[in-house]
Amino acid sequence: MVRSKKLTHSEYKKRLIKTWDEIAPRYHRRWAKNNIGPFRSSSELVKLADIQAGYVVLDLACGTGAITKRIATKVGSSGKVVGVDSSISAIKIAKKENNNKTNLDFVLSDAEFIKFNKKFDVVTCQYALFFFPNANKVLRNIKQYLKKNGTLALTLHGNKDTVPYFSSILDVMTKFVPDYIPQGTPNLDRFGTRSQLKKTVSASGFTNIRIREYVFTYRPGMFSDYWQNYLKYLAKPLKEKIKTLSALQKKKMKNQIKQNTLPYTKKSGQIVFPWKILILTAKKP
Ligand SMILES: C[S@@+](CC[C@H](N)C(=O)[O-])C[C@H]1O[C@@H](n2cnc3c(N)ncnc32)[C@H](O)[C@@H]1O
């Protein structure tokens, strides 16, 4: 297999937007609108962000609006929520699901280049910081648009050792398909521990940093369900890469992935994955 050249930040972002434009409807149906596995974090994040009636809140990388919707209920008719995302397809779903709410706006924008003429009481960002190639720039933007003593609230996945749902497949896939994650993609694991996350947020000038860890469980079914669903929800370019493998390679790859799931497989054959998540809250001084 020929390795493609290293992506620049803007090439990586273009690909990411294309991916989210394709998968947002499937992501919404399978994950965001359901309160399952890691998405049990949504209610915790809204609670820990201490959102009050009348607050003005920014939900950055809001996706299909799973959290934004909850925040709108909290701030009530005297408050306001703005959801920002760089995928038009995610924004369209978010708007459609919330077209009866007047205290909520959805805006298409890159988190690195947000511009507002107001400041926010709270900024939330769930499962997205690791996607930003320049996360510090985004954190500095957030700080700029937070009121003094305003709250930042972030949710992140744990690292590969604590989220076997991802690593059981990815550790093997990246061996069989070396270009599966193109060079130039930021390390999506890099905020998956308390110390790494704290270091980055603190370097951006936030104070009162507090990180809570949770371990949720996710039951993807039998191994065949886990594997089939992974393939079904995958973006087209990745499906194409898997197609380049021979039948024998695919068989070997699937077997190795199955081996990785065995520590989490019950006698019944059902897989029960632990899924660590971190929720950080911090203040703008
Ligand atoms: C895993 S989803 C999370 C969505 C939502 N926060 C939730 O909890 O369901 C990640 C989102 O980040 C968005 N995203 C990635 N990079 C972005 C950027 N630079 N600016 C704005 N949104 C971005 C994607 O379009 C996608 O909707």
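Of the 19 residues around the ligand, those that come nearest are Tyr27, Ala61, Asp85, Ala111 and Gln126, a residue being near a molecule if one of its heavy atoms lies within 4 Å of it. The model is a predicted one, in which local features need pLDDT of at least 70 and side-chain atom pairs count only at pLDDT 80 or more, while totals for chains, interfaces and linings use all residues. Residues are numbered from 1 along each chain as its sequence is written, and side-chain values use heavy atoms, with hydrogens and water left out.

Turning to the atoms of the ligand, a nitrogen atom lies 2.8 Å from a backbone N or O atom of Ala61. The side chain of Asp85 places an N or O atom 2.6 Å from a ligand oxygen atom, and an N or O atom in the side chain of Asp110 is 3.1 Å from a ligand nitrogen atom. On its own the ligand has 590 Å² of accessible area, of which the protein covers 96% (Shrake-Rupley method, 1.4 Å probe).

Helix α1 (residues 9-32) gives the most to the shell around the ligand, namely 4 residues; helices here are DSSP runs of H or I with at least four residues, numbered from the N terminus.

This helix also has a packing partner: α1 and helix α4 (residues 88-97) meet at an angle of about 35°, their axes 7 Å apart. Axes are lines fitted to C-alpha atoms over the stretch in contact, and angles run from 0 to 180 degrees between N-to-C directions. On the α1 side the contact (heavy atoms within 4.5 Å) is made by Trp20, Asp21, Ala24, Pro25 and His28, and on the α4 side by Ile88, Ser89, Ala90, Ile93 and Glu97.

Technical notes. Polar contact = N/O pair within 3.5 Å; in protein donor to acceptor, adjacent residues only side chain to side chain. Helix = DSSP H or I, 4+ residues; strand = E, 2+ residues; numbered from the N terminus.
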